[in-house]
Each structure stands twice: as structure tokens, then as C-alpha cells.
Amino acid sequence: MLVTMETTRGDICVASWPGQSFPSLYYFHSSCRHCRCLFKLNRQEFPMHEGPLATGVITIKNKLFIIFFSLITGFIALFTIYYSFFSKGDEIMPNNQRTLHYAVHGLLGELKPARQSTALADILLSAGFEPLTIDNGNGFYSAGIAKEWRVSEDRRQVTFWLNLDKRFSDGSPISSFLYKESMLESLRQTPIYKNQATRDVLYALVGFMDFEHSGDIVGIKTPDVGTLIFEFERPYRDILMEISGIRYSIFKIGLQGQHLGTGPFCFSKVTEQHISLQKNPYYLPAPSIETIEIDILDRNSFETAICEEAYDMILIPPFVSPSNICKNKSNGFTNRYEEIPGKIDTHLFLTINTKGNNVLSDIHTRQLFQRYFYSNINQLQEFEKYKTKTDIQFFLPSQPGRLSEQDIVELTAITNDEIHELIETINRKPLFIFKGVDQNSRFHDFVALFLQQLGIAITPASRILSYQEYKNIETLNDPWDFYYRSVGIGCDDPDGLYHLFGTHGALARQSLEGTNVQYSIEKARSLLNFEELHNAYQEVNRAIYSEVPAIHLGYSSASMLYNHRKLTFKGRGASMFFLQNYSWR
């Protein structure tokens, strides 16, 4: 379903209504960011397949309501300013003396858009780089470096008109030519995993197959400095979601070899434990915070920082619950921190090794193990204490392709004789698991205890991975059986799973080549009729259970803690990760 609205400026906004299974944006003007409330005043819906869309018009009654609403909002704003000015605590200091102190925890990887490979890097890179569009996490897209865009009816072409007022952090202007070069450069780089991070989208462009020989992709057109056109071989249903990822950001290489972006901040210093950000002087509107110092902490230091409230902001990763961590601490929480909850944004699963001489490389044993695990997953109640909902499906409850409970029972059924066979097989060669990356993982501790309670033996030789080993895990000689992974959920459209299972997906494993999973997910991503999606993605879902060497454990989400006595937050939803949305009181 689509919604159109004529704003008081005369601009036409067309966007999917929140709650639909995938976004459908035909035409957008950046001023829509200032008129979202109008959608609620005069909501109109139109079937997606219809042609030119009607336009909702704001009535006189609604205009009077807007005036009344504006007066009330203005009064509240004046009261807030008065309260902030006359009730400053001892934490308030002059703006020019302030540095925002920010703590994070997790794997970082490289802080370059085209090399982004972790969720933490994705969040931090958004401070310095901007894609064409920005996914607000609520069904709407706002302007990145593109101020307007139009998607063709057949979903084979999307045209972007760039905001040429945007500047890199060295003051130089952007252009469609520089954006195209950013994408071509991303494909020239050696992939961190199976494929380059941007290949998910770029492989579908006209002329991609000639890139290795020509060094060009004719499907990325630059008719002038401010216009960029993508042309695809086949319909691309969810293109706006895909290109809103930070890996599709514009960048240029500075004089010292550093990556320069157009975001609100610049990366002035990056080490393994610390990052310094400075305000980008050319970004508008200018952030109110001048300097941000980010500490990358190990688990123990991170948990101490949460309980001692030692930072202005703390990014809480998936499977971490501040209240649960600090419940046994003497000081506990004060009312200084406010937590902004995130939406479900992370898959948690176990990746099973299918190579070598490990016990689960045998497909029969592996499938018995998966079914035994799934049939007892409700016993993993500890997960609920850490913002995690157990769920064995890779498809969200709201997504097309979700299987029924009866389907799941049939796919995961296991007999007592099969359980006995599995336990005896593993007892002869206990499971070798990787217990974490760079340090022991609490998540693995829970899973290991759960398996041992089910009678599954785990070898004492199980160990911790280094980050370098983690990146090259498919080539390790250890006879490992599984390790834990987390992967971001792209959106409500199940096409977000292409990154994980698709032929050109960055995280797709070589063991999936030629499988029904890859064939069916490739076919499904070109479908435009919503009524066809459910059956098509159910085929993908069933193939996952029979072919993919993985165990889906559930979903979790990140959140943000911030000191509300010092800071104000002006965004909502996924924008909690955007540092420009915070300002000093």
C-alpha cells in the first residue's frame, strides 16, 4: 500500500505506510522529513499496482489543527528551554569545554565503507559517511546524499538527484561521478568474506558481468554531475533498503590515504582501543558536539563502565542487558541514564563446519544435531535475560515466508532412537567449538551448558578465536564443529536474507553453491506481486532447514544508553545510532 500527501510547500510525498512488509517509494522530496505529522491528519492508501497516484490534500480543518498543534508545541519548547536554563546541575559546563565520551564493545573490523563487515563498524561509520538514502527503521527513507529519487514502475531503474550542497570533510563537492567511482572501487577490493560487501546489489546491474574486463559497469549512469541512474537486468523489489546500507556510501581517498566522507563527523584518530571524532566543518546542519572520544572496551571493562555510569553514551550490543548485568552490583543504576531500545535488528545463530574431519561434517549427523537442538530450544530460557527472543526461523514473524508451527514440528521431529544414535556418535568424538572471538563469550557458555544438559559431549580442547582467525575461519585446520555468529536484519522484506544466503551475498558460504536455497532466493528477490512472496519465500525457508549448516537461535537488538542530564536526543527509532541527533543540554 502507498500513501501520498501534498505538503503545505506543495511537494508530493509518496511512501509506504509503516507496517507493510516492504517499502515502496516512488517519488520523494527531502522536505517530507518536515511533514510526517501530516500523514496522520489526512491518511490515504492506494494499491501498489495502480498507476499514477492520487494526491491527498490538506483541508482547512486540518490546517487549523496544525496551527493549534504548533502553538502547543511552541509552549512546550519554551518551557523546556526555561527548565534547562534554570535547573542546570553540577554536571553542566560551557559547551566549548565539552568532549562527549562514548563506550562501545564488540568486533570492529575496518572503518571503511566498502570494507564494513561488523555491526559495530556499521554504526560508527554512520558518523562519517552517508549513503544515497537513509533507512529510518520505520518504513520511511530520508535523504542521504540524494535529495530526491524516483523508482520506475517495473523496478528496473532508479534515478537519484544528488544534493550538490554536500561536501566531503576536506571541503570538496560530491558528484555522481565520484559516487560511481566509490562503487567501482568497492568491487576492486579483496573481499573480507566470500564476496565484496557491495556485490549484493551491484551484481544485478546491467553490465556487471563485464566489470572484470572493462573496469566499468554501464548500468551505473552519470548523465550529469548531479544525476545518478541505476539500471538493473531484472526487477529489483527492495533496492531502496539495500542501498541505504553504509557500505554504499560515497567516499574519496584523502592526501594521506584516509577515507573521507560527507557525514557530520571526521575520523581523526583510529586505534584498536580508541577512536577520535571531530565535527565536519562542512556538514549542515552543524552538530552541536565538537569532539567525540570513543573507547572500545573488552567485556569486563564494558560491564564495569555500564554499572559505574562512567560515560556520556554507551552503545549496548545485542545479547547484552544493562539491568541484568548490574543487578548484583552494589551501586546499581541511578536515574542518570536513559536507555533507548532498538527494534529487533540481529539474527543470532550457530554456523556449523561442513569441511574436514569434524563430527558434524557428516550431513546425516549434522541434520540429527540440528533437529535435536531445535526440539529442545525452549529450554534456553537464559536468553530472555539478555534481550533475546528464541526463534528457530530465519524469517521474522511479520515476514512473508514464515512457516507454520505444524511445518516446524514436522521439520524438526526426531525419534528417541535417532537421539541415542546422535549422542553415541558425538561421544566418540566430542564437539570442538570456538568459544568466542578474542575473549570467552557468555553466549557460548549458555549454549555449551545447554548441550551438555542434553547429553552432548564437548571437548576440553575447545578454544577462543583470534579476530584474524575469525575472518579466515573457513580455512582453519582445527576440526571445529560450530561457532556463534550475529548478522543484522536488513528490513521487513525477506530479501534482507540475500546477504547471508544469496549467490552474490557477502556472507554466503561456499558450501551453499548450487543449492536450492540460492536458486529460490534469487528468484524470489525479483517478485513484485506481494501475493506471490509468501509461497516463494516459504520455499526458501524449507530449503534452509535441509541445506544450510546453521542453527538459528533467535533475535536480539542493540540499544543506546545516554546521560539525559547532560544530553538531549531529538531522533527516534534507528536514528538513536546517529550521533548528530544528540546535543548538549
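Asparagine 541 lies in helix α17, which covers residues 530-547. Helices here are DSSP runs of H or I with at least four residues, strands are runs of E with at least two, and both are numbered from the N terminus. The model is predicted, so local features need pLDDT of at least 70 and side-chain atom pairs count only at pLDDT 80 or more, while totals for chains, interfaces and linings use all residues. Residues are numbered from 1 along each chain as its sequence is written, and side-chain values use heavy atoms, with hydrogens and water left out.

**The chain as a whole**

The protein chain has 17 helices and 26 strands. Of its 585 residues, 55% count as buried. Buried means under 20% relative accessible area, exposed means over 50%, and partly exposed lies in between, with a 1.4 Å probe and protein chains only. A contact means heavy atoms within 4.5 Å. Among contacts between residues at least 6 apart in sequence, 70% join residues at least 24 apart.

Asparagine 541 counts as buried because its relative accessible area is 0%. Leaving aside residues up to four places away in sequence, asparagine 541 touches Gln393, Phe395, Gly401, Arg402 and Leu403. Phenylalanine 394 is 147 residues from asparagine 541 in sequence, but their C-alpha atoms are 7.6 Å apart in space.

Threonine 262 sits in the loop between β12 (259-260) and β13 (265-270). Threonine 262 also has a relative accessible area of 0%, so this residue is buried. Its contacts, not counting residues up to four places away in sequence, include Gly128, Phe129, Glu130, Arg167 and Tyr283. The side chains of threonine 262 and glutamate 130 are joined by a polar contact of 2.7 Å. A polar contact is a pair of N or O atoms within 3.5 Å; within protein, one must be able to donate a hydrogen and the other to accept it, and residues adjacent in sequence count only if both atoms are side-chain atoms.

**The disulfide**

A disulfide is a covalent bond between the sulfur atoms of two cysteines. Here a disulfide is counted when two cysteine sulfur atoms are within 2.5 Å. The structure holds one disulfide, and this joins cysteine 307 to cysteine 326 with an S to S distance of 2.1 Å. Cysteine 307 is in helix α8 (residues 299-308) and cysteine 326 in helix α9 (residues 322-326), 19 residues apart. The torsion about their S-S bond is about -100°, so the disulfide is left-handed. Both cysteine 307 and cysteine 326 are buried. Cysteine 266 counts as buried because its relative accessibility is 17%.

**Packing of helix α10**

Helix α10 packs against α12 and α17, as the table shows. Axes are lines fitted to C-alpha atoms, for helices over the stretch in contact, and angles run from 0 to 180 degrees between N-to-C directions.

| Helix pair | Angle | Axis distance |
|---|---|---|
| α10 and α12 | about 115° | 10 Å |
| α10 and α17 | about 115° | 9 Å |

In the contact of α10 with α17, Arg366, Gln367, Gln370 and Tyr374 of α10 meet Tyr545, Ser546 and Glu547 of α17. These residues divide into two nonpolar, three polar and two charged. Ala, Val, Leu, Ile, Met, Phe, Trp, Tyr, Cys and Pro count as nonpolar, Asp, Glu, Lys and Arg as charged, and the others, Gly among them, as polar.
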